[in-house]
Amino acid sequence: MKIKSIKSLLPFLDDEDLEKLALKCLENEDRSFKDISLKTLLPFLDEDFIYEKLFKHELKENKEVSYMFPFIDEDAYDEYVLNSIKNNNFDEKIYSMLPFLDDDTLSKIVEAYLNDEIDIDVNQLYPYLSDDDIKKIFKKVLGE
């Protein structure tokens, strides 16, 4: 009998085999191998492997990574946002991440905004900002 789909094997593969399969997916532009996509593999992979090998690789390649967030530590949000600022591809997804960002990352968003490096709706940031960052924005509004 011929195996119709690798998907049926996924729950039975060990970590090493799952990781090999994930790396095979990375080799292809559509991030798939045979009938398996990288997204399909995520629930079966170790969180550290996802973060270290997949998330960081895709972020470096400037690929979409937001689908990985449920499977990795929330520190990845900060890395994603900082990378978005650096590559000038700050988009709507960032707003949904604001509650998960640390204060340093939020301050860097404010700096980038104040230096006209990114275009954002600053009003959405206020609930998450420190008093110092709010003062910096206020000073810019006043023209100081």
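Predicted model: local features only at pLDDT ≥ 70, side-chain atom pairs only at ≥ 80, totals over all residues.
Helix 6 itself covers residues 103–114, which makes twelve residues, and from its first C-alpha to its last it reaches 16 Å, close to the 16 Å expected at 1.5 Å a residue. At its N-terminal end, helix 6 is capped by D102, whose side chain places an oxygen 3.2 Å from the backbone nitrogen of D104.

Which residues of helix 6 are buried? They are T105, L106, S107, I109, V110 and A112, and what covers them includes helix 4, residues 75–86, and helix 7, residues 131–142.

Let me now turn to another part of the chain, where helix 1 and helix 3, the latter spanning residues 47–60, pack at an angle of about 5 degrees with their axes 11 Å apart. Because angles under 35 degrees count as roughly parallel, these two helices are roughly parallel to each other. The contact between them is made by E19, A22, L23 and L26 on the helix 1 side, and by F49, K53, L54, H57 and E58 on the helix 3 side.

As for confidence, helix 1, residues 15–26, is where it is highest in the chain, at a mean of 96, whereas it is lowest in helix 5, residues 93–97, at 86.

Notes:
Residues numbered from 1 in each chain as written. Heavy atoms only, no water. Helix = DSSP H or I, 4+ residues; strand = E, 2+ residues; numbered from the N terminus. Expected span 1.5 Å × (residues − 1). Buried < 20%, exposed > 50% of the residue type's maximum accessible area, 1.4 Å probe, protein only. Contact = heavy atoms within 4.5 Å. Polar contact = N/O pair within 3.5 Å; in protein donor to acceptor, adjacent residues only side chain to side chain. pLDDT = per-residue confidence, 0-100. Axes fitted to C-alpha atoms, helices over the stretch in contact; angles between N-to-C directions. Parallel < 35°, antiparallel > 145°, perpendicular 65-115°, else oblique.
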